Amino acid sequence: MSTTQPSSRISGFHKLSPDERLQKTADFAGLDADAVTHLRNMGNLDPALADRLIENVVGTMNIPLGIATSLKIDAQDYLIPMATEESSVVAAVSNAARQCYDHQGFQTSMSGTFMIAQIQLVQSPNPHDSRLRILERKDEIRSLCNECDPILVQMGGGFHDLNVRVLQTEGGPMVITHIVVDTKDAMGANAVNTMAETLAPHIERWTGGKVYLRILSNLADQRLARARAVWTCEAIGGPAVRDGIVSAYQFADADPYRAATHNKGIMNGISAVVLATGNDTRAVEAGAHAYAARNGHYGSLTRWEVTPEGHLAGSIEVPMAVGLVGGATKLHPTARACLQILNVQSAQQLARVIAAVGLAQNFSALKALATTGIQKGHMSLHAQNIAMMAGALGDEIAVLADKLVALGKVRVDIALEELKRLRG
Ligand code: MEV
């Protein structure tokens, strides 16, 4: 019997309602009724809003939202909303924060809220001459940029600086213009992209070259959030733990294989807050990793040192392009609620809090790795997931999870056997 493969070319799909699209998707994929009913439930996000946020919406993807506790940042106490599907992340931040709470918690700062947009000029007859022609127009460029966003200018932001480089590439020299814009409480992507697009024809006219790309850079190295904290040697379990953490950092900073995992752990914390507040996780992640490689060698985003008193001092410096206005931060009701929980008054404050969370996350990961290992802490939550996968319900979940941990076998096959036994 021959079966015809359904076509993925569905004309007018984007014009359908979410429910109609879901039906088409279900027909295509042969979804069962349970899956369709599940997807139809959009939880606490209004389907009409979801449908405006992205294209071709058929449902929403719910991620648990947890609250990290015990964070004292710049002498202020915070509860931190974190959206993540990964177990242990929220607990790790809370534990790290608790262990430095009595020693002033976290101190933070920020380099500014400057975003960079790039304009790529090619086929310039004289690249060095073009570079100077562009630099000479700085005042005109300032006006052109600021006219794009009078509200930003009213808020004290707008054009800040201009840099132009001649870049040697495989395709010949390119003249790369950077406009540096203070985007204040906005993440700023729209503002700087509009400015770059507005400038492009002028740059072509001034130089005789051709502009291709006009887009922000996610390497937001003029928007660096910084956090530091000191954990006393006693609070963390003694000098061996402290030295293990420092050595783990030294390993990461010397070895990209380890640094990737080390920084991934930091981003477990950072991305969870970025997501909870409706900010762009990919922008922050791209910026963080590019910054970690800024010296031509991919290293650690954090630093760990021993203080003269023998305590452990940790610090982080990371690009943090997050905003409080615009996009999902304002539109998504969960993001709005999370920002209320955080009670931050500016994008700078949010960025600084997020940097502290990244540092806390790294502390807990390195402490676990340098001592008992990561699996012990992971296992109890992981065991609960396995218990649920095996079909445990209600009180059975905790009982079965404890049993799996005690057996040292957190596996679905064992969970199925043990569940049968538990149910008699
Ligand atoms: C797991 O998601 C994160 C860690 O691997 C981070 C690290 O190794 O530093 C535990």
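Select the lining of the largest pocket in this predicted model: by class, 14 of its residues are nonpolar, eight polar and one charged. Here Ala, Val, Leu, Ile, Met, Phe, Trp, Tyr, Cys and Pro count as nonpolar, Asp, Glu, Lys and Arg as charged, and the others, Gly among them, as polar. A pocket is an open set of points on a 1 Å grid over the protein atoms alone, where a 1.4 Å probe fits, with protein on both sides within 12 Å along at least five of seven lines; lining residues have an atom within 4 Å of a point.

Next, colour Leu 45, Leu 53, Met 61, Leu 275 and His 332, which lie nearest the centre of the largest pocket among its 23 lining residues. The elements that give two or more residues to this lining are α3 (47-53), α10 (256-276) and α13 (333-342); helices are DSSP runs (H or I, at least four residues), numbered from the N terminus. The space in the largest pocket is about 850 Å³, a volume being the space filled by probe spheres set on the points, which are joined across faces, edges and corners.

Now colour by domain, with bounds from an automatic or database domain assignment: domain 1 (13-53), domain 2 (65-110 + 227-372), domain 3 (114-217) and domain 4 (376-422). The largest pocket lies between domain 1 and domain 2, because both give residues to its lining.

Move on to the second largest pocket, with a volume of about 620 Å³. Its lining has 31 residues, and Ala 92, Ser 364, Ala 365, Ala 368 and Ile 374 lie nearest its centre. Of these lining residues, nine are nonpolar, 17 polar and five charged. Select α14, which gives the most to this lining, with eight residues. Domain 2 and domain 4 each supply at least three residues of the lining; the centres of these two domains, taken over C-alpha atoms, are 31 Å apart.

The residues around the ligand (a heavy atom within 4 Å) include Thr 261, His 262, Asn 268, Ala 365 and Ile 374. The protein covers 84% of the 300 Å² of accessible area that the ligand has on its own (Shrake-Rupley method, 1.4 Å probe).

Residues are numbered from 1 along each chain as its sequence is written, and side-chain values use heavy atoms, without hydrogens and water. In this predicted model, local features need pLDDT of at least 70 and side-chain atom pairs count only at pLDDT 80 or more, while totals for chains, interfaces and linings use all residues.
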